[in-house]
Amino acid sequence: MSSSPVSAHVVVRGRVQGVWYRASTAEEAGRLGLSGWVCNRADGSVEAVAEGPRAKVEALVAWCAKGPRLARVDAVEATWGPATAVFDGFIVRR
């Protein structure tokens, strides 16, 4: 598996707001050493962009399919691309 930097734009649907999903995603991304952001969307989903080595970004996308304990994930859509290297750390956007 390549460790070339990649970017994943992820949309997670289900019961993912009000269950610590954003904070837990940021914690997991930090543990993996990824950069990017996560935010709630008006339609009730959660959106994130994560950048870093492919294997670690894949690990975060896999984690997103489960989420924190109180979440119920119905679907995860990931769009892959090259890393942009514009992020400094991983943040929760309000």
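Of the 22 residues in the largest nonpolar core, Tyr21, Leu34, Val57 and Leu60 touch the most other members. Such a core is a set of buried Ala, Val, Leu, Ile, Met, Phe, Trp, Tyr and Cys residues joined through side-chain atoms within 4.5 Å. Buried means under 20% relative accessible area, exposed means over 50%, and partly exposed lies in between (1.4 Å probe, protein chains only). Strand 1 (5-15), helix 1 (21-32), strand 3 (46-53) and helix 2 (54-64) each supply at least two residues of this core. Helix 2 gives the largest share, 5 residues.

This is a predicted model, in which local features need pLDDT of at least 70, side-chain atom pairs count only at pLDDT 80 or more, and totals for chains, interfaces and linings use all residues. Residues are numbered from 1 along each chain as its sequence is written, and side-chain values use heavy atoms, with hydrogens and water left out.

**Fold and dimensions**

- The protein has 2 helices and 5 strands. Helices (H or I, at least four residues) and strands (E, at least two) are DSSP runs, numbered from the N terminus.
- From the N terminus on, the order is β-α-β-β-α-β-β.
- The radius of gyration is 12 Å, close to the 12 Å that the globule rule gives for 94 residues, so the protein is as compact as a globular protein of that length. The radius is taken over C-alpha atoms, and the rule is 2.2 Å times the number of residues to the power 0.38.
- Along the principal axes, the C-alpha atoms fill a box of roughly 35 × 25 × 20 Å.
- Residues 24 or more positions apart account for 77% of the contacts with a separation of 6 or more. Contact means heavy atoms within 4.5 Å.

**Surface and charge**

- Buried residues make up 39% of the 94 residues.
- The accessible surface comes to about 5,200 Å², and 52% of it belongs to carbon and sulfur atoms. Areas come from the Shrake-Rupley method with a 1.4 Å probe; for residues, only the protein chains shown count as cover.
- There are 12 positive and 9 negative side chains, and the centres of the two sets lie 5 Å apart. Lys and Arg count as positive, Asp and Glu as negative; His and the chain ends are not counted. Each charge is placed at NZ of Lys, CZ of Arg, CG of Asp or CD of Glu.

**Residues in contact**

- Tyr21 touches Val12, Val16, Val46, Trp63, Cys64, Gly67, Pro68, Ala71 and Val73, not counting residues up to four places away in sequence.
- Glu28 is found in helix 1. Glu28 counts as buried, at 15% relative accessibility. Leaving aside neighbours within four places in sequence, Glu28 is in contact with Leu60 and Trp63.
- Val76 sits in strand 4 (residues 72-82). Val76 counts as partly exposed, at 29% relative accessibility.
- The C-alpha atoms of Val76 and Val11 are separated by 5.8 Å, and the two residues are 65 residues apart along the chain. Beyond residues up to four places away in sequence, Val76 touches Val10, Val11, Val12, Val61, Cys64 and Ala65.

**Positive phi in loops**

- Trp20 has phi near 65°, a positive value in a residue other than glycine. Trp20 lies in the loop between strand 1 and helix 1. Its relative accessible area is 64%, so Trp20 is exposed.
- Ala85 has a positive phi of about 60°, although not a glycine. The loop between strand 4 and strand 5 (90-92) holds Ala85. Ala85 is exposed, with a relative accessible area of 68%.
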